[in-house]
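Subject: Structure for you to look at

Hello,

Here is the structure I said I would pass on. Please open it and keep it in view while you read the notes that follow.

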Amino acid sequence: MSDSIPVKINCFHSGVFKYDEDGKLNYVDGFMDQFEVNGDEVFEEFLKIIVLKVSVGRMWYKLPYEDISEKKELLENGEKNKKRMASNGRYYGELDVFIEKPETSEDDEVDAELQNDEVDAELQNDEVDGDDEAEESEDEYQARDKSDDEEDLDRNFEEDLEMFRDENYEDEIVDDDEVYPDTEQSFDDEEEQAERMANKGELDGVFSLRQTFYSGEEFKKQVIKYILQSRRNVVYDRWEKTKIGAKCSGRGCVWRIYCSVERPIHKWMVKVYVNTHTCHPTCKCKLFKSPAIAEVMLEKIRKEPEMSTPMIREEFREKYNIIISPEQAKIARRIVLDKLQAECNEHFARLRDYEMELLRSNPDSKIEINTTTKPNEAKAFHSMYICFDKIRVAWKEYCRPVIGLDGTFLKHISLQGLILTAIGRDPNNQIYPIAWVVVDSESNDNWQWFIHRLKIDLGLGEGDLVTIISDQHRGLIHGVAVELPRAENRACARHIYSNLKKNHKSDTLKPLFWRIASSYNEGDYDRSLDVFKKFDPLAAEELMKKDRSTWCRAFFRIGGAYECVEFSNGYTVNLPCRSCACRKWNLSGIPCRHAVFVIRENGFEVEDYISDYYLTSKWRGLYMDGLGPVIGPRFWKLSGEDHIEATPYKRPPGRPKGKARIKGVRHNSRKCPRESDESRKHRRLNMEQQSHEQAIEDVSSTAPPATQP
């Protein structure tokens, strides 16, 4: 007979299929038997063995690496499924078979006994036939054995061909040798990709036999993850469109892995994996070239765009204990920055579509995008203004007429410029955004344009009954003076203290300064200022150069009948005007202690004299109507207008942060009187680090191979 291929059968029987609470299919309340059958007659031999042990009901089979939900019923399609089962068994060498426990009755038990008797009779006949065959001559046996080999080969080939006949693999392989075919076409679908990653988990650098991947690129990323964990010098020894092999290049090391496209399941599968290293870990790896380094550092540089080349090398050395050259780190950083810039360009190209989506989800919102024309007639981004309709309507109805204006830099390396914001205060005294713009600089024109849009959209007129709080930037002051000449202009006290602290470092100045800024009347202001002058006359002199009417409550401009005496000092309280001589009630809208005393003396409720801006109904009304949700870019409609390009990169003036001055050729750092002790210490640590790296490299190149335990 021919040399048949043994097939291992994992037979699950006497159980049933059930779904658990999570909706996952399981085979429960059963047993498992293992045995081997002839690969040429898998189903026939399996049936002969199993009917002697259990009552046979409905049967399914699957491959070991498949999920139980992918099982195939043997009685469906009859002979075709049996042939496919035999071919899969010869190809993989192992099959999982499930037999569901039948619902038996007395008649069924009788039929099962008769069936078992028939099988026993067939087996006895087979034994008799085997004895007769043993009496044949040796020449007849050899002639028939040769004929059987040819018949088995033809039959197996036809069965394998039948299994793969319906598959079209030519469309899966692309012509470009450097691009691997993606065996799953759901990478562009965000929902399917999210579901796939949730089921499969992210790459962890751990390999196993028969492990599957969706593409060759995914397998290569797993190899990189493995190198980061093991610090082995793994290299590719096979690199084709449908197969990749890798091995450890350590002296005498036997570690290797081979992965190729498994066409029946449309995935890449690990076919060979020898997980044994007989070499020492190394601090260098040939696969870690600039593109691989860029892939590892992409998210890190995205969060810290100012990360320099030495910092990238330090990150690899400390986190992964892998040494990369300065040139590799430099090129990797450039690759990452180019990729981030490309992402930024794609976002700017969809700005007009984003504007359409905002207007669809939030009707009547005010949006304006301004562009400039490049020499090549392309449109480049200049500025963008956004003010949602629900926000501006709610602010006008429920918030105090106080607006804070400020700007901050956009610090992303591929997106320069500033964002200017206008904020208010809600009834709970929390920040409430009103409008914002993105501009290239904090210039007079940009501030005036922003304030002009606020003036129109919020209906501020000439600024009557409106207070503007700012850091007193020149461009901002210019814009307010032109667009809102009648508005109350207030300075941010925190900015004033920050500027004061630059030349006066004492921490005691802070409480003294805030006591002055919080004074509600001139008497408290004079007493607090005297204490400040005694502590630091120079700081007080610098503070007096600021216009006190913009940052001290005692000099803010505001709008009686009762006199309240406290500690031999009289205060006039006017209930109809809601004012007090201490001015706290006038400025905050909440009755001071003098007003509370008068209100209670007259039998009134204090809550009735609190400003309406603090009412809970105002607070609820402010947030009752939220913004409309915005769908993702995948669903945006195309505006049909010209694409907008990102603003070109402008190098800021001055020497970059952390970049030392380039010394002259004959400059002697050790004898230079201008070099600080910190600089000498830093230079010495760099020299020690370089010596340490060289020593590690020498040891790694000369170390003998490790012996396998």
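A place to start is helix 10 (residues 351-361), where Leu351, Arg352, Asp353, Glu355, Glu357, Leu358 and Ser361 are buried. The cover over these buried residues includes helix 9 (326-349), strand 12 (366-373), strand 13 (379-387) and strand 22 (644-645). Please keep in mind that this is a predicted model.

Aspartate 364 lies in the loop between helix 10 and strand 12, and its phi is near 70°, a positive value in a residue other than glycine. Most residues other than glycine have a negative phi. Is aspartate 364 buried or exposed? Aspartate 364 has a relative accessible area of 56%, so it counts as exposed, the cut-off being over 50%.

Histidine 266 is another residue other than glycine with a positive phi, here near 60°. The loop that holds histidine 266 runs between strand 10 (256-262) and strand 11 (267-274). With a relative accessible area of 33%, histidine 266 is partly exposed.

Next, the nonpolar cores. The largest one has 43 residues, and those with the most contacts inside it are Tyr385, Trp395, Ile403, Leu405, Phe450, Leu454 and Ile468. Helix 12 (residues 444-458) gives the largest share of this core, 6 residues.

Which residues does phenylalanine 450 contact, leaving aside its neighbours within four places in sequence? They are Tyr385, Leu405, Leu420, Thr421, Ala422, Ala435, Trp436 and Val437. Of these, Tyr385 and Leu405 are also among the residues with the most contacts inside the largest core.

Now the charged pairs. How many salt bridges does the structure hold? There are 24 salt bridges in the structure.

- Glutamate 314 and arginine 317 meet through their side chains in a salt bridge, 2.3 Å from N to O. Both lie in helix 8 (residues 309-320), 3 residues apart, which is about one turn of the helix. Glutamate 314 is partly exposed at 28% relative accessible area, whereas arginine 317 counts as buried at 19%.
- Arginine 392 forms a salt bridge with aspartate 389, and their closest N and O atoms are 2.9 Å apart. These two residues are 3 residues apart in helix 11 (residues 389-398), so about one helical turn separates them. Arginine 392 is buried, at 14% relative accessible area, and aspartate 389 counts as buried at 17%.
- Glutamate 304 pairs with lysine 300 in a salt bridge whose closest N and O atoms are 3.5 Å apart. Glutamate 304 is partly exposed at 35% relative accessibility, and lysine 300 is partly exposed at 30%.

Helix 15 (residues 509-517) and helix 16 (residues 522-535) pack at an angle of about 155°, and their axes are 8 Å apart. That angle makes helix 15 roughly antiparallel to helix 16, because angles over 145 degrees count as such. Their crossing is left-handed. On the helix 15 side, Leu509, Leu512, Phe513, Arg515 and Ile516 meet Tyr525, Ser528, Leu529, Val531, Phe532 and Phe535 in helix 16.

Isoleucine 431 is in strand 16 (residues 431-439) and is exposed, with a relative accessible area of 54%. Isoleucine 431 is 27 residues from glycine 404 in sequence, and their C-alpha atoms are 9.6 Å apart in space. Not counting residues up to four places away in sequence, isoleucine 431 touches Ile423, Gly424, Arg425 and Tyr623.

Arginine 58 is in the loop between helix 1 (42-50) and strand 4 (59-62) and counts as partly exposed at 45% relative accessibility. Arginine 58 and phenylalanine 98 are 40 residues apart in sequence and 8.3 Å apart in space, C-alpha to C-alpha. With residues up to four places away in sequence not counted, arginine 58 touches Glu73, Phe98, Ile99 and Glu100.

Regards

Conventions
Residues are numbered from 1 along each chain as its sequence is written. This is a predicted model: local features need pLDDT of at least 70, side-chain atom pairs count only at pLDDT 80 or more; totals for chains, interfaces and linings use all residues. Side-chain values use heavy atoms; hydrogens and water are left out. A nonpolar core is a set of buried Ala, Val, Leu, Ile, Met, Phe, Trp, Tyr and Cys residues joined through side-chain atoms within 4.5 Å. Buried means under 20% relative accessible area, exposed over 50%, partly exposed in between (1.4 Å probe, protein chains only). Helices (H or I, at least four residues) and strands (E, at least two) are DSSP runs, numbered from the N terminus. Contact means heavy atoms within 4.5 Å. A salt bridge is a side-chain nitrogen of Lys or Arg within 4 Å of a carboxyl oxygen of Asp or Glu. Axes are lines fitted to C-alpha atoms, for helices over the stretch in contact, and angles run from 0 to 180 degrees between N-to-C directions. Angles under 35 degrees count as roughly parallel, over 145 as roughly antiparallel, 65 to 115 as roughly perpendicular and the rest as oblique. A crossing is left-handed if the near helix is turned anticlockwise from the far one by less than a right angle, and right-handed if clockwise.
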